[in-house]
Amino acid sequence: MSQCLGKTKSGSRCKRSAGEGSLYCSAHEDQAPGASREADPPEIDVEILEESIEDRDTIDTLIVAAALGAAVVVVLAVGKLFRL
Ligand SMILES: [Zn+2]
């Protein structure tokens with residue numbers, strides 16, 4: 001059994017022995033690399049989701065604008081036909 005790699009609150013090396021199959025004692029297991037990563041909130045995923053929602057709004061606006069533009073073109077073309 002090896003010495004714990006964790007650090008105490010005062011910043012000195014922990015003098016307890018590490019647990020079996022671990023580099024840290026039970027008090028410092030949370031200092032192991034990746035030990036608490038699953039508890040972190042997925043901030044990057046949320047940002048990507050919000051960006052894709054904004055993109056969808058932009059696409060909807062473009063579709064509406066294109067439909068309105070096409071409708072204006074049709075109205076103008078029909079008006080010209082009736083005048084001729
Ligand atoms: Zn320790």
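Here are a few friendly notes on this chain, which is a predicted model.

1. Overall make-up. The secondary structure of the chain amounts to 1 helix and 0 strands. Helix 1 covers residues 43-83, and both residues picked out below, Thr 8 and His 28, sit in the segment before it.

2. Burial and contacts across the chain. The chain has 84 residues, and 5% of them count as buried. If you look at contacts with a separation of 6 or more, 8% of those in the chain come from residues 24 or more positions apart.

3. His 28, buried or exposed? His 28 is buried, because 20 other C-beta atoms lie within 10 Å, and 20 or more is the cut-off for that class. Leaving aside residues up to four places away in sequence, His 28 touches Cys 4, Gly 6 and Cys 14.

4. Thr 8, for comparison. Thr 8 has 13 other C-beta atoms within 10 Å, so this residue is partly exposed; a residue would need 12 or fewer to be called exposed. Along the chain, Thr 8 and Ala 27 are 19 residues apart, and their C-alpha atoms are separated by 9.3 Å.

Key: Residues numbered from 1 in each chain as written. Predicted model: local features only at pLDDT ≥ 70, side-chain atom pairs only at ≥ 80, totals over all residues. Helix = DSSP H or I, 4+ residues; strand = E, 2+ residues; numbered from the N terminus. Contact = placed C-beta atoms within 7 Å.
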